[in-house]
Amino acid sequence: MIQSEQPMISVQHLNKQFGPGCPQCMNPGSRKLYKNFCTVCHTVYSCQDVSFDLYPGEIIGVVGESGSGKSTMMRCLYFDQEATSGEVYLQAYKDGSRNLFAESTQQKRYIRNHLMGKVYQNPMLGLRMDFTSIGNIAEKMIAAGSRRVSEMETRGMELLEKVHIPIHRIKEAPKHFSGGMQQRVQIAKALSNRPPVLLLDEVTTGLDLSVQASVLDLIKALQRELGISIVLVSHDLGVVRMLADRTLVMLDGRVVEEGLTDQILEDPQEAYTQQLVHSLL
Amino acid sequence: MQINYNFAFFDEGSKREIRRATLKAIAIPGYQVPFASREMPIARGWGTGGLQLTLSLVGRDDIVKVIDQGSDESVNAVSIKKLVQNTTDIRTTDETAQATLIQSRHRIPEIPLRAGQILVLQVPMPEPLRMYEPREAETKKLHAEKEYSGAWLMLFEQIMNYGSMTTGADHPVMVHDRYVMAPSPIPKFDNAKLNASEALILLGAGREKKIYAVPPYTKVVSLDFEDYPFETESFEDRSCRLCGSTGVFMDELYDDVSGTAYFQCNDTSYCLERMNEQSWREGAESR
Amino acid sequence: MGYVAVKGGTLAIEESLKRIKFERIKQGKVLDVSRIEGGMRGLIDQIMSESSLYDETLAALAIKQAEGSPEEAVFLLRAYRSTLPRKHYSRAVHTREMRVERRISASFKDIPGGQILGASVDYSHRLLDFDLMHETDEDAARWLKAFADDLGSVNEAGRPPELMKVMDYLIEQGLMISPADDNTEPDDVTRKSITFPASRSQKLQVLTRGQTGTVTSLAYAVIRGYGALHPTVGELRVGSVPVCIDDPLGSGSDDEDSYYIGEIKVTEAEMLMSAAVAKEQGGKELSFEIGYGLCYGQNETKAIAMGILDHSLEQGDSRFPTQDQEFVLYHIDSVESTGFMSHLKLPHYVTFQSKMNDVRKTKMGAAASRAGEKEEVEEICK
């Protein structure tokens, strides 16, 4: 049923390398690497030919150990880093007719400000720690063109309430908050423009278990309520099991297995996935 | 002094270079043009940017006026005026209407400037986004991409914290719908004078090595929000103790005898002209 | 007769200038510029370097006028420099051709050509020499004659041979990768303002013009831990180098056609830092990298510090302010930093009035909302 729809985001043949490449590693077909690393020229192939579609309202989980390329992929999708090659199409941007990677920096900024939200593992990257929490949310709305303080204040309060930040603390700077609260402010910020797509990068890593659970509940509730499409990266299969409809397994920069989350957990095909699933039990 | 300096201090090559940067600034209103700022005989931060503009532009027929904080007679204004005079021997004036070139720190004169005049403003911090982003390489990108969320965010934060915009002087403006610009620390009261000005307005930052411009009749809008409109300093119904003016920017002074505050025009030459007009009129009436 | 402006400012300045002149000469003794030039080599060298103007006599004059304040003297020379037309750029100066007066290496005991201690305070004892209180010109003349006689009996073998550079030796031994020649025309930060990321030539220029104390302090921070470096003085040279310009009429940039216009004394420091270099098959090996310092006159601390900062800025690790180009290069200039400090003395009445207005407004706003709350409370209590 899902397949009959247009994908919200379509990622095609995304590659990201760090280093110049050399005869031993240049050709993707005959590449000889140690993990994702060329021992001759020290080039790191962080993402190799990554492709997937994300459908409206869907949550895709991306799992893999650290260094598997999942965070790099997210950085490329949010234009924090420039992809080496590949294409990505976003339904909400010019009806999915344009490869976002080929757009100008100004357009990329527009896409980030209007059509996407991202929550980073490290709140330092996603928030201005010295500004008020509500200012952090307003920043994204200002960037998207809002010039009414009352509108931003209302929306900010509404969102902060949704992520359970007490109303009397919304003018405090996130630097005074606990890790879990910072993460919730980030989520509120990412949602401020009602983006069709949300990128969540290890959002619960480093949080206490009880806090983790509350953040996960929050994401789940918001996703149901707002119908956003989400790419969720985690090294923790438990997180993915709780939230993701479908799952990609990444290893050394490649997608080694993909399918419905249940299927992958019940019946993993690849040795690496089996190992991952096994470790969860 | 044994060595005779060049007319207007600089060698002609330097003047030409500064004028080239100035022309570029006029061609791109509000854009900060980097230039090779020279060391001047006055200290960095004391108006070297403005002085370089003045000296690169001044000709033998010019009449120069220099004000600092609204006053022709403030020590820094006097010192700059003296330097211009010593190196050019041209005429100086206190009267705004008479001047062809006006160098000012922190004020735009009360008497409306007219076509043909040039106002040079001294700028300490030319980058309106500096408090939001410390790195020059980054702010250059933000300007290039017209990404000014930071400028509005700073104002939003003020409203959240204090209930109103509290920029004080140097309230940022949008020039020609393109570049956000620091108008130099003029009071908000003077921001409106930047809009559609008949005179050419040049801004020079010597230490930060930038020149920028508001050409005549350029649209200049102070940044604000729809529901928090830009407001200037208010002196309510206060009038100048000397000349009785209202609706001008005033200095608040303290009378230690009566223990009360009183107000006086900040623009001293404007105040003086008003007083002279009044005394002339009174004289005519009594005759 | 109408109202006239109070000419308080003009008068005040005139009087202030008289006061400063009085302070300079009040003891009835006037410094002779030639004596400053003869006896204040350290200060002159420092000031020429920070001013980017090589002229001992003008530096001495600036010192006299500034009553010995280095920041003021540098300021005077920089301002004077602004009036000078730029007629020529010199050809590249080669420190290999230096007439070396002093040359040491902390890396090798036996460097080809030997260690030359030259004039240095390094091994002097810092004991105040009270004899200098009564030193006379005659004393000096007598001492100089004896010194000349001494020298005469040693040798005058003519021009000493060019000394091999320690760096050449390291390259020859394969301990250091020979840096590629970079023959791009250097930028001139006094003609075109610095851009970021800065080119190497921009960095080196700003560093060599930097305030001696600031350059030293920042380099000290690098080696104390804010930059994790351990440098060694590969080679430190002090001596004179010839300066040549291209034939202004000729078209070629041929060596033969160049004109020798004089020589300048410089201090050059080549600092060595060990660094890991990636090798094939994932291996790493240690090699040496260089940090380069060069400044006018004899100012060894500054040259060494500059060498450390040069290398530090090439690393560009944003965790360390000492590796942040904008942080270092924007803040080490004497005229800029002292100017901005002193501008704080200027009146800020207008800005302050404007701020006062804002403060009153927020206070009124707060009072109004407090009053509002009070009414609400009263409302509820009723």
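## The contact between chains B and C

In this predicted model, the contact between two of the chains draws 63 residues from chain B and 50 residues from chain C. The size of an interface is often given as the accessible area lost when the parts come together. For chain B and chain C that area is about 4,600 Å², with 57% of it on carbon and sulfur atoms.

Charged and polar pairs can also be followed across this contact. Between chain B and chain C there are 6 salt bridges, and one of the salt bridges joins the side chains of B:Glu39 and C:Arg78, with a distance of 2.6 Å from N to O. Residue pairs in polar contact between chain B and chain C, counted where both residues have pLDDT 80 or more, number 25.

## The side that chain B presents

On the side of chain B that touches chain C, the elements that give two or more residues are helix H1 (12–27), helix H3 (75–88), helix H4 (136–144), strand S11 (250–255) and helix H7 (268–286) of chain B. Of these elements, H3(B) provides the largest share, which comes to 5 residues. Sorted by class, the side of chain B that touches chain C is made up of 28 nonpolar, 15 polar and 20 charged residues.

## A sheet of three strands in chain B

Chain B holds an open sheet of 3 strands, arranged in the order S7-S6-S10 with antiparallel pairing. Strand S7 (179–181) and strand S10 (220–222) of chain B are the edge strands, each of them pairing on one side only, and the twist from one strand to the next averages 30°.

Within this sheet, strand S6 (residues 173–175) of chain B is paired with S10(B) in the antiparallel sense over 3 bridges, and B:Val173 is found opposite B:Ser222, which belongs to S10(B). The loop between helix H5 (149–162) and S6 of chain B contains B:Asp170, a residue that has a positive phi of about 65° although it is not a glycine.

## A mixed sheet of six strands in chain A

Chain A has an open sheet of 6 strands in the order S5-S6-S7-S3-S8-S9, and here the pairing is mixed. The edges are formed by strand S5 (116–119) and strand S9 (254–260) of chain A, each of which pairs on one side only, while the twist averages 15° from one strand to the next. Strand S8 (residues 246–251) of chain A pairs with S9(A) in the antiparallel sense over 6 bridges, and A:Thr247 stands opposite A:Gly259 in S9(A).

Helix H1 (residues 70–77) of chain A lies across strand S3 (59–63), S5, strand S6 (197–201), strand S7 (229–234) and S8 of chain A, and runs at about 145° to S7(A). Helix H6 (residues 179–191) of chain A also packs on the sheet, where it touches S5 and S6 of chain A, and its direction makes about 170° with that of S5(A).

## Backbone details in chain C

Two loops of chain C contain backbone features that a reader may wish to locate. In the loop between helix H7 (166–172) and helix H8 (200–209) of chain C lies C:Pro197, and the peptide bond leading from C:Phe196 to C:Pro197 is cis, with omega near -5°. The loop between helix H3 (41–51) and helix H4 (56–65) of chain C holds C:Ser52, whose phi is positive, at about 55°, although C:Ser52 is not a glycine.

Key
Residues numbered from 1 in each chain as written. Chains lettered and ligands numbered in written order. Predicted model: local features only at pLDDT ≥ 70, side-chain atom pairs only at ≥ 80, totals over all residues. Heavy atoms only, no water. Contact = heavy atoms within 4.5 Å. Buried area = accessible area lost by both parts, 1.4 Å probe. Salt bridge = Lys/Arg side-chain N within 4 Å of Asp/Glu carboxyl O. Polar contact = N/O pair within 3.5 Å; in protein donor to acceptor, adjacent residues only side chain to side chain. Helix = DSSP H or I, 4+ residues; strand = E, 2+ residues; numbered from the N terminus. Nonpolar A, V, L, I, M, F, W, Y, C, P; charged D, E, K, R; others polar. Pairing = 2+ DSSP bridges. Axes fitted to C-alpha atoms, helices over the stretch in contact; angles between N-to-C directions.
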